[in-house]
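Hi everyone, thanks for making time for this one.

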Amino acid sequence: MTPTDAEIIDRSRHEPDAFAAIFDRHAPHIRRYLERRLGAQVADDLVAETFLTAFDKRQRYDRARPDARPWLYGIATNLVGRHRRHEARRHRERSAETAEVAAWAVRSRLAGALAGLTAGDRDVLLLVAWEQLAYEEVAAALAIPVGTVRSRLHRARRKVREALGGQNPTEVEELLNNG
C-alpha cells in the first residue's frame, strides 16, 4: 500500500531522506504551476525553495491531511507573492526597466486582465484554472474559508470577462497557450 503524504512527512521527521518521496510526487505539478505564474527560469528556483521551505516546516504539517498538495501550493503561492513584491521593488529602483515591465504587462489582453485582479483574486483563479484544485484545496492552500474562495473566484471571473469584452474566462487556458 502506498503511504500517504502525511505518513511520509511524519516519517521524515526521524528519517529526513524520506521527504524526497514528497518531492518526487509533487515537484512536477508545483513546477508547472510556478512556470505558468512566473516563467520557466524562475520556476526552477522557486520549486527548490518551495520544497526547502516545506522540509523546514514539516514539523508543523497537519497530519490529518493525507494529501500535501494544498500545503505545497500554499507555500508556492506565498513564494510567488514574495517574488513579485521583490521584482516590483527592484523595478521601481531601476527606472530603465520600467518600460520592459509595462511591455510585459500588456503582452496580451489576458495578461492585462489578470494584472487588474487583486492578488487574492488572481491566486484563487489561477489555482482553480491552471491547477484544477477544488475549492476546498484552494481554501487550504491560501488559508482562507471556502466561501471566500467562491466569492473571489466569482469576482475574478466577472472582472476577467469584462476585461476580455465578454469572453468566457474559462477559456483562460486556451488564451494563455495561444496568445
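Let's begin with a pair of helices. Helix α7, residues 119-129, packs on helix α9, residues 146-163, with an angle of about 90° and 8 Å between the axes. That angle makes α7 roughly perpendicular to α9. Please keep in mind that we are looking at a predicted model.

So who meets whom? On the α7 side you'll find Gly120, Asp121, Val124, Leu125 and Val128, and their partners in α9 include Val149, Arg152, Leu153 and Ala156. Sorted by class, this contact has seven nonpolar residues, five charged ones and one polar one.

Now over to helix α3, residues 40-56.

Which residues of α3 are buried? They are Val42, Ala43, Leu46, Val47, Thr50, Phe51 and Ala54. Because their arc around the axis is only 160°, they sit on the same side of α3. What do they pack against? The answer is α2 (20-38) and α4 (69-93). Turned away from that buried side is a face with the exposed residues Gln41, Asp45, Leu52 and Asp56.

One last stop, a single residue. Ser12 belongs to helix α1, which covers residues 5-12. Its relative accessibility is 0%, so Ser12 counts as buried. Setting aside neighbours within four places in sequence, Ser12 is in contact with Ala18, Phe19 and Arg58.

How values were computed: Residues are numbered from 1 along each chain as its sequence is written. This is a predicted model: local features need pLDDT of at least 70, side-chain atom pairs count only at pLDDT 80 or more; totals for chains, interfaces and linings use all residues. Side-chain values use heavy atoms; hydrogens and water are left out. Helices (H or I, at least four residues) and strands (E, at least two) are DSSP runs, numbered from the N terminus. Buried means under 20% relative accessible area, exposed over 50%, partly exposed in between (1.4 Å probe, protein chains only). Contact means heavy atoms within 4.5 Å. Axes are lines fitted to C-alpha atoms, for helices over the stretch in contact, and angles run from 0 to 180 degrees between N-to-C directions. Angles under 35 degrees count as roughly parallel, over 145 as roughly antiparallel, 65 to 115 as roughly perpendicular and the rest as oblique. Ala, Val, Leu, Ile, Met, Phe, Trp, Tyr, Cys and Pro count as nonpolar, Asp, Glu, Lys and Arg as charged, and the others, Gly among them, as polar. The arc is that of the directions from the helix axis to the C-beta atoms.
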